[in-house]
Amino acid sequence: MKGLYIHIPFCSSICSYCDFPKEIAKEEKKEVYMQRLIEEIQTYKEELTDIRSVYIGGGTPNALNLTLLEKLLKTIEPYLLSSKENTIEINTELFTEDQVKLFKKYHINRVSLGVQTFQSHLLTKIRRKHTKEMVHQTISILRSYEITNINLDMMYGLPGQTMEDIQADLTEILSLNVPHISYYSLILEEKTLLEYQLKHHQLTIPEDDLVADMALYINQVLKKNMFKHYEISNYAKEGYASIHNLGYWDTEPYIGVGAGACGYLNHKRYQNHKNITAYFHTYKASEDRIDLQEAKKEFMMLGLRKMDGIHSSTYFARFKTYPRDDFDIDKLLKLGLIEEKNDVICLKEDKFLIANVVFEEFV
């Protein structure tokens with residue numbers, strides 16, 4: 001089974017922390033992009049079989065006008081019909097009821113909302129345009145059209161964020177009763193507005209100890225409220241773990257299309273041009289064959305992001321060796337970073353904040 005990822009690199013405004021491929025563009029450029037994107041999708045026609053999940057990300061996919069959005073959904077409708085999970089990312093300030101009508105028409109059954117925080121003073125700092133009320137209204141409309149598989153993208157460690165802000169955000173999250181939460185720590189990316197602001201002392205971010213306390217508190221509250229911590233940054237109620245993202249962590253093949261998209265197909269990893277103009281001329285910026293040793297490292301490093309870990313028997317079925325044959329598993333066990341139970345090797349849950357120490361063993 002494969003995943004299909006589609007990147008829409010357009011936004012109505014640029015968040016201060018974001019380094020994803022994106023731009024604010026005129027309608028004419030969006031139209032050219034959509035034509036080029038559809039042409040790229042068609043080049044994978046022979047590979048677009050056994051699609052288990054479709055994910056339309058960005059950028060901001062609902063920054064497309066209705067005509068272009070429907071053009072895309074109509075093109076990929078055969079895959080939307082046959083896959084188990086079809087996700088689209090949206091920003092609530094751009095959301096309309098006409099959009100959700102298209103989602104229903106073309107079998108979108110999962111929606112991911114870019115929220116980050118509900119606190120207005122923090123939203124202003126990171127240049128987000130929505131309000132708490134917009135999030136509530138969007139979820140209400142989605143549910144009225146029977147789209148209930150909803151994810152909230154949240155962040156901690158934001159400039160000026162306090163533990164009280166985190167507590168208020170969690171209260172709001174629980175009141176919305178959604179089945180999936182992605183909760184990411186702020187990562188300071190190069191060449192972003194936020195990096196500039198911090199470098200020039202215009203903003204400050206919380207100390208590392210406070211950020212760690214935030215993460216532990218988030219974990220505690222969500223688990224207490226029936227969310228399973230199934231991946232380092234992801235929580236889901238029973239039956240709502242992201243099928244598409246699990247495909248990444250299980251190192252299953254996926255096709256990525258659009259500017260900046262990555263793909264993993266036929267033992268090759270490729271990266272499309274991030275620059276939209278360059279993408280118009282030729283899709284791929286690079287393509288590399290993943291050799292056996294690299295494939296083993298990726299299986300371990302990505303698989304251990306899942307709190308359920310990896311199965312040694314699955315590793316053997318794929319590589320004809322066991323993890324212990326290829327890596328110093330005992331070293332990580334002695335350090336108390338991982339645990340081994342019968343066939344399963346997994347990260348100790350209380351070590352998820354220092355998971356990178358484990359991953360370094362597989363780089």
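This is a predicted model: local features need pLDDT of at least 70, side-chain atom pairs count only at pLDDT 80 or more; totals for chains, interfaces and linings use all residues.
View 1. Residues are numbered from 1 along each chain as its sequence is written, and side-chain values use heavy atoms, leaving out hydrogens and water. Arg324 forms a salt bridge with Glu340, their closest N and O atoms being 2.6 Å apart; the term stands for a side-chain nitrogen of Lys or Arg within 4 Å of a carboxyl oxygen of Asp or Glu. The pair links distant parts of the chain, with Arg324 in helix α14 (residues 323-326) and Glu340 in strand β14 (residues 338-341), 16 residues apart. Helices (H or I, at least four residues) and strands (E, at least two) are DSSP runs, numbered from the N terminus. Glu340 is partly exposed too, at 30%, and Asp330 joins Arg324 and Glu340 in a network of salt bridges.

**View 2. Lys341 and Glu339 as a pair.** Here the two side chains meet in a salt bridge of 3.9 Å, N to O. Lys341 is partly exposed at 49% relative accessibility, and Glu339 is partly exposed at 24%.

View 3. Arg36 and Glu39 pair up with their closest N and O atoms 3.2 Å apart. Because they sit 3 residues apart in helix α1 (residues 27-43), about one helical turn separates them. Arg36 is buried at 17% relative accessibility, whereas Glu39 is partly exposed at 31%. Across the whole structure, a search finds 18 salt bridges.

**View 4. Phe103 in the largest nonpolar core.** Take a look inside: this core holds 93 residues, of which Phe103, Leu152 and Tyr183 touch the most other members. A nonpolar core is a set of buried Ala, Val, Leu, Ile, Met, Phe, Trp, Tyr and Cys residues joined through side-chain atoms within 4.5 Å. Helix α9 (residues 208-224) gives the largest share of this core, 6 residues. Leaving aside residues up to four places away in sequence, Phe103 has contacts (heavy atoms within 4.5 Å) with residues including Leu69, Ile88, Phe95 and Leu142.

Conventions
Buried means under 20% relative accessible area, exposed over 50%, partly exposed in between (1.4 Å probe, protein chains only).
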